[in-house]
Protein chains: 4
Amino acid sequence: MADRPPRATRTGFSLFHSLRVRWAELDPQGIVFNPRYFVYFDVAVTESLRAIGFAYPDGFAPYGSDLFAVHASANFVDSARYDDVIDVGVRVAHLGRTSARFELAVFRGDALLVEGTLVYVNGDRENKAPKPLPEAFVQRAQAFEPVAPTRGAAS
Amino acid sequence: MADRPPRATRTGFSLFHSLRVRWAELDPQGIVFNPRYFVYFDVAVTESLRAIGFAYPDGFAPYGSDLFAVHASANFVDSARYDDVIDVGVRVAHLGRTSARFELAVFRGDALLVEGTLVYVNGDRENKAPKPLPEAFVQRAQAFEPVAPTRGAAS
Amino acid sequence: MADRPPRATRTGFSLFHSLRVRWAELDPQGIVFNPRYFVYFDVAVTESLRAIGFAYPDGFAPYGSDLFAVHASANFVDSARYDDVIDVGVRVAHLGRTSARFELAVFRGDALLVEGTLVYVNGDRENKAPKPLPEAFVQRAQAFEPVAPTRGAAS
Amino acid sequence: MADRPPRATRTGFSLFHSLRVRWAELDPQGIVFNPRYFVYFDVAVTESLRAIGFAYPDGFAPYGSDLFAVHASANFVDSARYDDVIDVGVRVAHLGRTSARFELAVFRGDALLVEGTLVYVNGDRENKAPKPLPEAFVQRAQAFEPVAPTRGAAS
């Protein structure tokens with residue numbers, strides 16, 4: 001991982017959702033069990049969509065759409081511990097034709113704990129077939145994000 | 001993702017762990033909630049380490065070591081549903097100096113549902129400082145895997 | 001709790017479902033986090049219903065019914081630990097007009113770890129209004145249980 | 001359950017902890033999966049102990065003590081749904097010699113969704129043997145609760 005890109009910093013995110021780490025989220029190492037960070041990410045994406053004005057799932061339902069996760073990844077840099085108040089940063093980083101990529105990071109103060117990515121496809125509610133992102137969503141996401149999401153086929 | 005590598009197939013894995021999908025693991029879409037696959041991956045790595053002869057955590061404790069996840073990723077291709085019996089394939093794909101990379105995939109029959117990666121660092125039990133993988137672990141993992149894990153600094 | 005009834009023993013159960021305790025299910029005390037036992041109970045009830053011949057939810061769907069939990073309780077006697085293989089015993093203990101009570105217990109070998117109760121109401125799939133248990137379910141549950149479930153309004 | 005005691009009301013609780021229901025906490029019925037309420041209860045007890053001035057686990061550590069759950073129960077009256085903001089009420093209802101009983105209830109506005117009980121024993125950190133509750137905890141809990149906790153051996 002010698003060519004790893006620079007780590008995330010707080011300045012890269014348009015929204016932070018704060019959470020207190022709970023006992024149920026820890027493992028016997030006394031740290032947050034790694035799959036739990038993807039639950040934190042899910043919560044942050046929920047709040048991002050709400051802030052954009054396309055709250056999940058009601059914002060997408062009128063379009064006959066639902067969002068389906070197609071990719072998730074995370075790098076675990078340091079650990080959150082019991083009772084820590086952490087800030088989960090989130091931004092829409094890319095808007096494809098049918099998919100949207102969110103970048104996320106978990107901070108304790110200024111210290112980066114975890115950084116990650118979630119990619120969702122906008123799919124038909126019934127058969128999950130990918131369909132173009134609602135244009136209204138694209139416009140609102142672009143209006144919301146201080147750093148314009150990239151566009152194009154590659155996510 | 002036009003240059004995405006070929007999808008995982010069952011032939012690539014040295015061990016399968018079978019699980020029945022439980023109600024608690026589903027979301028309102030009636031499918032397994034995506035962070036849950038990382039819990040399935042964790043279970044499969046546990047069984048892989050047991051099969052290698054280095055059961056977690058007791059295999060590493062005599063070396064003053066513990067494993068810490070540093071990277072997790074997954075591509076969600078299709079969804080597991082309630083009561084599905086799924087097979088989680090796992091193999092040690094890379095052995096670095098201080099880290100090990102596992103490749104994983106979830107199948108329902110021959111159908112690929114999810115493929116993923118977990119990277120662990122062998123760290124000091126007390127201060128988490130990375131230390132070389134126990135040589136005995138490297139040898140046993142190499143002996144266990146039909147396809148030899150790659151070696152080297154990059155994971 | 002001086003008048004506590006006798007503890008559960010293995011002989012009281014018509015079915016056991018075995019589980020291996022996983023890392024994700026532990027807390028920083030190194031023991032299974034107490035709400036998790038209710039997930040184990042849910043799995044055991046699922047297997048009990050399957051064995052009775054009324055697998056959830058498909059067994060109830062033809063009757064326009066679904067099961068809704070109305071009560072859960074547990075006494076925690078001792079703790080399950082990492083990698084323990086535990087046996088979750090379950091039996092239908094009472095069949096009311098609209099509800100069914102399951103008694104459950106978690107054993108490690110002969111040692112009782114947890115005992116508990118789950119009560120479900122048979123409700124309308126759409127509006128959840130309680131409705132009589134399907135007569136076929138009552139008959140099959142009675143045929144399955146070596147110790148006849150009690151009957152009557154009180155659950 | 002004809003002799004069921006009156007349902008909990010908001011006036012019975014000394015502290016409320018508010019939570020937003022998250023996607024990960026729902027099941028395919030679109031409602032909170034019943035074991036999850038015990039996780040909500042655990043969070044509310046955590047906040048109750050903090051408010052009392054005996055934050056878990058640091059408040060008990062100087063006494064060589066830890067708290068171990070010995071009983072949990074809940075009645076599920078109605079269901080919390082996605083994105084609901086719910087209030088989890090909690091109070092110390094009984095202080096035994098070695099144990100403490102908390103009464104809990106989940107409300108959405110004034111509507112009762114779930115009511116429950118958690119009993120913890122104050123145990124030795126090393127061997128879990130029950131020991132008397134720290135007198136300072138008893139005094140602070142009594143000072144905190146507007147309705148005095150009952151006392152005595154029965155919990």
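Modeller: Start with a charge over a ring. The charged end of R10(A) sits over the ring of F16(A), 4.5 Å from its centre. Such a charge is NZ of Lys or CZ of Arg within 6 Å of the ring centre and within 35 degrees of the ring normal. In chain B, R10(B) lies over the face of F16(B), also at 4.5 Å from the ring centre.

Some ground rules. This is a predicted model, in which local features need pLDDT of at least 70, side-chain atom pairs count only at pLDDT 80 or more, and totals for chains, interfaces and linings use all residues. Residues are numbered from 1 along each chain as its sequence is written, chains are lettered from A and ligands numbered from 1 in the order in which they are written, and side-chain values use heavy atoms, with hydrogens and water left out.

Now the rings. The whole structure holds 55 aromatic pairs over all chains. Rings of Phe, Tyr and Trp (its six-membered ring) pair if their centres lie within 6.5 Å; planes under 30 degrees apart are stacked, over 60 edge-to-face, the rest tilted. F13(B) and F16(B) are edge-to-face, because their ring centres are 6.2 Å apart and their planes stand at 70°. F13(B) is buried, at a relative accessible area of 13%. F16(B) is partly exposed, at 30%. The cut-offs are under 20% relative accessible area for buried, over 50% for exposed, and partly exposed in between (1.4 Å probe, protein chains only).

F60(B) and F137(B) make a tilted pair, 5.4 Å centre to centre with 55° between the planes. Both F60(B) and F137(B) are buried. F60(B) lies in the loop between helix 1 (34–52) and strand 2 (65–76) of chain B, and F137(B) in helix 2 (residues 135–144), so the pair ties together parts 77 residues apart in sequence. Helices (H or I, at least four residues) and strands (E, at least two) are DSSP runs, numbered from the N terminus.

The largest nonpolar core has 172 residues, and F137(A), F137(B), F137(C) and F137(D) touch the most other members. A nonpolar core is a set of buried Ala, Val, Leu, Ile, Met, Phe, Trp, Tyr and Cys residues joined through side-chain atoms within 4.5 Å. Beyond four places in sequence, F137(D) touches L49(D), I52(D), F54(D), F60(D), L95(D) and A100(D). Contact means heavy atoms within 4.5 Å.

Next, the copies. Chain B goes onto chain A with an RMSD of 0.0 Å, by a turn of 180° and a shift of 0.0 Å along the axis. That is the relation of a two-fold axis. Superposition is by least squares on C-alpha atoms of residues with pLDDT of at least 70 in both copies. In chain B, S73(B) comes closest to the rotation axis, its C-alpha at 1.9 Å. F38(A), F41(A), F38(B) and F41(B) form one aromatic cluster.

Chain B also goes onto chain C by a turn of 180° and a shift of 0.0 Å along the axis, with an RMSD of 0.0 Å. Here the chain B C-alpha nearest the axis belongs to L19(B), at 5.4 Å. The contact takes 15 residues from chain B and 15 residues from chain C. D83(B) contacts R50(C), and also R20(B) and V21(B), leaving aside neighbours within four places in sequence.
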